[in-house]
Each structure stands twice: as structure tokens, then as C-alpha cells.
Amino acid sequence: MSYSSKVLDYFKKITEIPRESGHEGPMTAYLQAFAAEHNLACKTDAIGNVLITREASKGKEDVPVLVLQSHQDMVCEKNAGVQHDFAKDPIKYVIEDGWMIAKDTTLGADDGIGIAASLALLESDLEMGRIECVFTISEETGMDGATAMEPGFFSGKTLINLDSEEEGEFCIGCAGGLNTIIEFDYSTELIHKGWERIRIRIGGAMGGHSGEDINKERANTVQLMGRFLYEELSYGLQLQLFKGGNKSNAIARECEAIIAVPDEKATITRLQDFGKDLRIEFASSDPDIYVSSSPVFVNEKMIDQNTAERFIRAIHACPHGVQAMSQDIKGLVETSTNLAAVRMNEFGKIKIISSQRSSVNSRKKMIASKIRANFEAAGARVEHKLEYPGWRPDVNSHILAECVESYKRLFGKEPIVKAIHAGLECGLLLEKFPGMDMISFGPTLLGVHAPGERMDLASLDKFTDLLVDVVCNFK
């Protein structure tokens with residue numbers, strides 16, 4: 001069996017293991033059991049990061065140690081109406097036209113394929129130097145594992161991060177980021193006499209990764225709902241519910257609101273016109289976007305008018321998308337912000353989740369402060385959380401030179417060397433392990449962080465061939 005086939009087999013096993021961010025226990029246990037089964041040294045730190053070590057093959061004892069790093073968790077997203085429990089159900093996938101696809105949920109190849117590639121190397125009989133395979137936890141929700149990792153957890157000075165998503169491209173730098181969390185308090189009031197409740201939905205958007213896909217001008221349904229409701233304020237509106245988006249690092253695909261209005265028919269007509277506008281505006285990026293309405297037969301009270309108006313105005317005014325392009329690297333997004341999610345609870349609170357990214361630290365703080373100012377002006381509480389550093393490119397990297405030479409020898413062409421706007425754990429690891437030489441690469445993945453995530457199997461073959469060649473010939 002080829003190494004690529006082994007990697008795919010391991011990944012198929014991983015799709016059966018629950019591993020949502022913050023709930024990686026079953027994945028951690030699987031890694032520990034794997035190490036025990038193969039008589040490999042294994043340790044787990046207090047937060048749940050796992051290190052599995054394979055000692056050097058005979059004659060390779062003097063080869064510098066290589067660290068292979070991936071993360072245990074996955075983004076758990078599903079389409080509306082899909083019955084899937086990420087806490088226990090295996091991921092359902094198909095293989096079509098050379099792609100492995102999860103049509104109704106995320107696939108979890110980000111970063112399950114990195115885990116699988118490490119496991120296949122650990123159990124192989126290939127001759128190589130010592131490798132240390134590090135599996136961090138909760139990368140997707142704040143890089144908790146990398147943040148809490150104690151210095152000295154591993155010994156190698158050269159690291160290959162296996163969390164990139166375009167074959168043939170080597171990543172040597174990434175953006176830093178943080179989350180901005182906003183809360184409104186609200187009281188309730190009775191619905192106005194004679195007004196009717198309507199449930200409004202905006203869905204069918206592509207969504208995607210808030211770093212890699214933020215420059216694709218995709219629809220953000222939370223932002224669009226705020227836009228529609230803002231215009232409706234002039235006609236008279238009470239708000240009962242606003243709910244949309246999910247993860248801080250995903251572009252909101254679906255949003256719903258329950259409102260009360262004095263003229264239901266007129267509101268629905270304006271909503272239908274709004275839907276026509278959206279289908280024109282997003283014909284290329286989000287061809288399946290839709291709006292819908294339905295009556296609501298509940299008697300809950302409405303959000304007090306003052307808070308509802310302040311909230312709607314602030315959502316409409318909140319920046320979203322690319323804020324600046326890099327002045328140094330053509331085509332690279334420098335700074336962006338993602339209006340990610342809105343949630344409500346029965347305790348009179350509306351919570352808004354947003355995330356900001358930049359490869360320039362001062363610009364990251366600037367856009368975060370702009371979000372803060374927007375919502376503070378509307379009377380909300382705002383705090384910044386889970387800040388992580390960027391990773392500055394090193395074009396003179398030794399591991400980069402080794403990987404470029406290997407790629408040219410294997411495939412007869414130059415790879416692309418780049419920095420990305422997404423966040424990787426490399427910046428945090430560099431803080432804890434100063435002087436670390438790092439690179440990131442992987443197979444081609446599309447639609448990560450959204451249902452329909454897919455992996456190109458031909459690119460998996462090239463990725464695994466490259467990884468084996470680099471590990472076995474590293475010097």
C-alpha cells in the first residue's frame with residue numbers, strides 16, 4: 001500500500017471520531033492509543049496537546065530532529081435542516097470525480113489530513129531521522145493548545161506545519177488576529193396592537209474561511225440582515241429575535257430574525273425586492289442566496305425599542321471584509337474583519353462575535369478598535385479576546401530551501417512561496433520556541449469551515465510524496 005493510501009485510510013478513521021473544538025477528548029484518546037499500539041513514546045500536557053515521537057532509523061541518528069505539527073480539532077458546520085450530531089455521528093462523505101466531499105457538513109480535512117499524514121509516517125518503515133509529531137487542541141477557536149503549550153514540550157528546531165490548503169504552495173508567514181466580543185442588554189415590551197410577527201430568513205450563502213475567503217466578496221448574511229432591518233426601521237419595526245452565523249472564523253451563511261410590523265404585506269413585498277437585489281449583487285459569489293418569510297405564532301415579548309434600534313443600526317454600520325491590502329506582497333490581504341455571529345439568550349443579552357486579522361500588528365489593533373468604537377457608541381459592552389501573533393516570513397529559511405529543492409526534483413517545476421491572511425499556530429510557537437525554522441504545506445482543500453468542504457485526492461498524492469521526500473532526505 002502506498003503512503004498516500006495509508007494517509008487516506010487514517011483520515012477515513014479520523015472522520016469517525018468526534019473532535020469539535022473544545023471537545024477533542026476522543027481524538028486525544030485515539031492518538032494515545034495509536035502510540036501505545038505502535039510502541040512509540042507519547043506524552044500529553046495539561047491542556048491536551050499530544051506529542052508522539054519516533055526515534056531515528058539506524059544510520060540517521062545525526063539528522064536534525066523534524067517536528068510535524070497539526071491540530072486535533074475541526075470546525076463543525078452543517079446545512080440548515082441536516083440531522084447530524086457532531087458529538088457522536090461520523091462525518092458522511094462521498095468520493096466523486098477525484099474529490100473527497102462532505103456535502104452537508106464540514107469534512108474536517110482541516111486539519112484531519114495533517115494528523116493522518118503524521119500517523120502514517122510514525123508507523124511506516126521508511127528510513128528517517130527522529131520525528132516529533134505534535135497534535136494541538138482547539139486551534140480553530142483561539143489556538144488554545146499552542147497558547148498553553150509549555151516551552152520544551154518538544155525538542156526539534158525545525159517544524160513543518162501540516163495545516164495549509166493549496167498543493168504546490170509553501171506558506172512561510174501568516175496574519176495575527178483576535179476576537180472582539182460585543183454584548184447588548186435588553187428588556188422586553190409588548191407587541192404593538194394590530195402588528196403581525198414575521199420570521200425572515202436569509203440563506204444559501206457560500207460562507208467560507210474568514211481568512212482565506214474574505215477577499216472573495218461573499219455574502220455575509222448577518223450583515224445583510226442588518227441592512228434590511230435598518231431600512232425597515234423607517235416603516236415601523238419591533239424585533240424579537242436575531243440569530244445568525246456560528247464560528248468566529250467562518251463567514252456567516254445563514255441568518256434569521258423575527259420582527260413585528262404594522263403592514264405585513266408591504267414588508268414582505270420589500271423583502272422580496274431585497275432578495276432580487278441580493279441575487280443580482282451576489283450572482284457570481286453566492287448564486288444560491290435566498291430570502292424567505294413565514295408567519296410566527298408565538299406570544300413572547302419583543303426586545304425593547306431603544307435597544308433594538310441601537311443594535312440594528314450598529315450591525316448595519318459594522319465593517320466587514322477586506323480593510324487593506326499588503327503594500328509588500330501583491331494580492332495578499334493585509335487587514336480584514338469578519339462580522340461572524342449573533343446569538344441571543346433568555347437572560348436578556350444579545351452577543352455578537354467578530355474577528356480581526358492583520359499581518360501588521362498596529363493595523364490589527366486599529367480595526368479592532370474601530371469595531372469597538374462602533375458598538376460602544378451604540379451602548380454595548382465590548383472586549384477583545386484570544387489575540388495571537390502573526391508569523392513573519394523568512395526567505396532564507398533552511399527548511400524552505402529543502403522543500404523547494406525537493407518539490408522541483410519530484411515535480412519538475414517551481415512551487416509558489418507565499419504568506420497567507422489566515423492564522424496558523426506558527427506565530428505562537430515561534431514565541432515559545434525562539435529561532436524555530438518553519439514552513440507550512442498541505443493538499444488542496446476547498447470550502448473549509450463550510451458544508452461542502454472537499455479534498456483533491458490527486459493533490460493528496462503530491463503532498464504525501466513531498467512530505468516523505470523531505471522527511472527522509474532532510475539534512
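**View 1. Leu445 stands opposite Met455 of strand E23.** The model is predicted; local features need pLDDT of at least 70, side-chain atom pairs count only at pLDDT 80 or more, and totals for chains, interfaces and linings use all residues. Residues are numbered from 1 along each chain as its sequence is written, and side-chain values use heavy atoms, with hydrogens and water left out. Strand E22 is joined to strand E23 (residues 454-456) by 2 bridges, and the two run antiparallel. Strands (E, at least two residues) and helices (H or I, at least four) are DSSP runs numbered from the N terminus; two strands pair if DSSP finds at least two bridges between them.

**View 2. An open sheet is formed by 4 strands in the order E4-E5-E23-E22, with antiparallel pairing.** Its edge strands, E4 (94-96) and E22 (445-446), each pair on one side only. Helix H1 (residues 3-14) lies across E4, E5 (99-101) and E23, and runs at about 10° to E5. Helix H11 (residues 457-473) also lies across E4, E5 and E23, running at about 60° to E23. Axes are lines fitted to C-alpha atoms, for helices over the stretch in contact (heavy atoms within 4.5 Å); angles run from 0 to 180 degrees between N-to-C directions.

**View 3. Strand E3 (residues 66-71) is mostly covered, with 6 of its 6 residues buried.** Buried means under 20% relative accessible area, exposed over 50%, and partly exposed in between (1.4 Å probe, protein chains only). On one side of E3 lie Leu66, Leu68 and Ser70, on the other Val67, Gln69 and His71, and all are buried. E3 runs parallel to strand E6 (residues 131-136), joined by 6 bridges, and Leu66 stands opposite Ile131 there. With strand E7 (residues 158-161), E3 pairs in the parallel sense over 4 bridges; the partner of Leu66 in E7 is Thr158.

**View 4. Asp273 has its place in helix H6 (residues 264-281).** Asp273 counts as partly exposed because its relative accessibility is 39%. Its C-alpha atom is separated by 9.7 Å from that of Val291, 18 residues apart along the chain.

View 5. Of its 475 residues, 57% count as buried. The C-alpha atoms fill a box of roughly 85 × 45 × 45 Å, taken along the principal axes. Residues 24 or more positions apart account for 79% of the chain's contacts with a separation of 6 or more.
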